[in-house]
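Welcome, and please have the sequence and the model open side by side. The exercises below each set a task and then walk through a solution step by step.

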Amino acid sequence: MDSLTPIRPEATGQAWQWSGPYTLGAVREASTGARKFLADMGLPEAELAAWELILTEAGNNCVIHSAGGLPGQSWQVRLLLAPGRVIARIHDGNEGFEWPEDPQLPDDDSESGRGIFLIHTLTGFRKQEHHPGGNILTLERRHTPAAPAEDLEATLDAMTEELASCYESLSAIFRFAAEARHTTKLGDFAASLLQHLGTVTSSGCGMLRVVSRNQLTTLATLGCEAPPACRVDASPMPLEAAAVSTRQDQWIDAPDADTGALSGLVHPFYHEDELMGVVSLFRHDLAQPFNAGEVNVVHTFAEFLAQQMLSRRHEEESIRSSLARREFELAAAIQQSLLPPPLPDLAGVSVTGHCESALSIGGDFYDLIPCGENGCFFVIADVMGKGVAASMIAAVTRSTVRAFSDFYQNPAGLLERVALQMHDDLEKLEMFVTIAVGFVDVPEGVVRVANAGHCPVVICQPGGDFTEVDPERPPIGLERNPVFTESKIPLRRGMRLLGYTDGLVDPRNQRPSFETQSDVANWFSAAVAPGLPIDSLKSSLLESLGNSTDPNTLADDQTFLLIGFD
């Protein structure tokens, strides 16, 4: 099977095009019209009969497989006549199929397959291409020209011009590809591309429009003003609208009232099934339609642009991903800075804690502030939500609590001031913070605790008896001036305190967790009874929670604080 070479029909004037509906009557119209054209071009009777049969079978296939007639759409036939051969391109909007390598004549009782066999037998080249807008079947049949001797020089001139055009197009593609490597801005790339297309196709006017957020916007123009941006499905330019809706090339083969062009081409280009844009080229000084070689150049350059757009898109996504990753890293570092460093025992008080986020960052935190010989102040809090926003509010909450250091020994008064200070900002953000605070008063021998909507703080005596300090008022951010009271629990040697967030009882976690807050208190009571030290309690609690290092198994942040009195 011979290869197919582009030709320039405008050099010889030997080009014919037809389009019509998906009906058998239209098939007859197309085949007889093609026969008349070829007869006018002087082809012998044998060639006329062969092409009439070829186009009839090809057209019948388009109509038969048109899935109900594709109302409002059309199929197209384009004939190009070159010395010694005729090339046909049949464009339809049906579902594609693979052309068989060696079709055989079907059995006598078979209903299908004869048309493909006849086309295969009568042509020397066949190529079936699948595109988002349908299929293009290219067929070629060679014949012996009957040109008189005096026409030989004209034929050679036409062939020379065709070869020169092919060389010019190929040279332009290589030149443009070389220049594209040094172009950094997409707009400059598009302008250069359009300028090359205008030169290669002898077009004095054109534009490149690309799709962004379901809008067609102008990226580059050639010899015309940029049209306004519009929705993809609402282009004010008829040819562009038709190209987008049919997903097929649109042609100007006669003077066009809308553009004033004598000939032109509007080509929609895609990546897979995604519309990337539309390239339009118009000739105001040349009436001949675009030939196959020029169309191929337009398609090739449009593919260059699509690949460049995809490359820029991937590059921008990579940059955004890197920036987001960096932001998460910084936020995670900020969150880690909220946690207190390991502290030595303070007058018989030992402390440890754990904080793990469902994402890289979250809104849980705990804090512990030594207060000299008087004891220490502790905080455990949970900001509504996860991610960067929750982490930022957690940092603000920690700073606000520390700003009221004069009230460490008065946990209820401290929460009242924090609630007033943060209320307006949290209300605007539609966020809230659950928080429990307490002061370990060593000289007085008591623990004072206040709770704003947080999980109960569990205080367990050496024998296993425990007390829970439940939330007395709603979380911070829901009331401007809440009034809190505090619970006082006497300090005893061997007593243990547990503050935790609701991630320990979240049923969505994909690792073991407690079902209820009562389960947490009962576990703590059983674990404290043997007199375990704080570090052993922490290890035991982590084991009960699955002790996993995979954050993807968490639905909510898990944080707890353990304080021991020995």
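**Exercise 1. Work out how helix α2 packs against helix α3.**

Step 1: find the elements. Helix α2 covers residues 24–40 and helix α3 covers residues 45–64. Helices here are DSSP runs of H or I with at least four residues, strands are runs of E with at least two, and both are numbered from the N terminus. This is a predicted model, in which local features need pLDDT of at least 70 and side-chain atom pairs count only at pLDDT 80 or more, while totals for chains, interfaces and linings use all residues. Residues are numbered from 1 along each chain as its sequence is written, and side-chain values use heavy atoms, with hydrogens and water left out.

Step 2: read the geometry. The two helices pack at an angle of about 155°, and their axes are 9 Å apart. Axes are lines fitted to C-alpha atoms, for helices over the stretch in contact, and angles run from 0 to 180 degrees between N-to-C directions.

Step 3: name the arrangement. Angles under 35 degrees count as roughly parallel, over 145 as roughly antiparallel, 65 to 115 as roughly perpendicular and the rest as oblique. α2 and α3 are therefore roughly antiparallel to each other.

Step 4: The crossing of α2 past α3 is right-handed. A crossing is right-handed if the near helix is turned clockwise from the far one by less than a right angle, and left-handed if anticlockwise.

Step 5: look at the side chains. Ala, Val, Leu, Ile, Met, Phe, Trp, Tyr, Cys and Pro count as nonpolar, Asp, Glu, Lys and Arg as charged, and the others, Gly among them, as polar.

**Exercise 2. Locate T32 and say how far it is from L53.**

Step 1: T32 belongs to helix α2. Step 2: its relative accessible area is 30%, so T32 is partly exposed; buried means under 20%, exposed over 50%, and partly exposed in between, with a 1.4 Å probe and protein chains only. Step 3: T32 and L53 are separated by 21 residues in sequence, and their C-alpha atoms are 9.8 Å apart.

**Exercise 3. Which residues join α3 to α4?**

Step 1: the axes of α3 and helix α4 (residues 114–122) come within 9 Å and cross at roughly 145°. Step 2: α3 passes α4 in a left-handed crossing. Step 3: α3 brings A50, L53, I54, E57, A58 and N61 to the contact, and α4 brings G115, I116, L118, I119 and L122. Step 4: sorted by class, there are eight nonpolar, two polar and one charged.

**Exercise 4. Find two residues with a positive phi that are not glycine.**

Step 1: S202 has phi near 55° and sits in the loop between α6 (186–200) and β6 (205–212). With a relative accessible area of 48%, S202 is partly exposed. Step 2: N214 has phi of about 65° and lies in the loop between β6 and β7 (215–222). N214 is also partly exposed, at 47% relative accessibility.

**Exercise 5. How many helices and strands does the protein have?**

Step 1: there are twelve helices and 21 strands. Step 2: of the 566 residues, 48% count as buried.

Definitions and conventions. Contact = heavy atoms within 4.5 Å.
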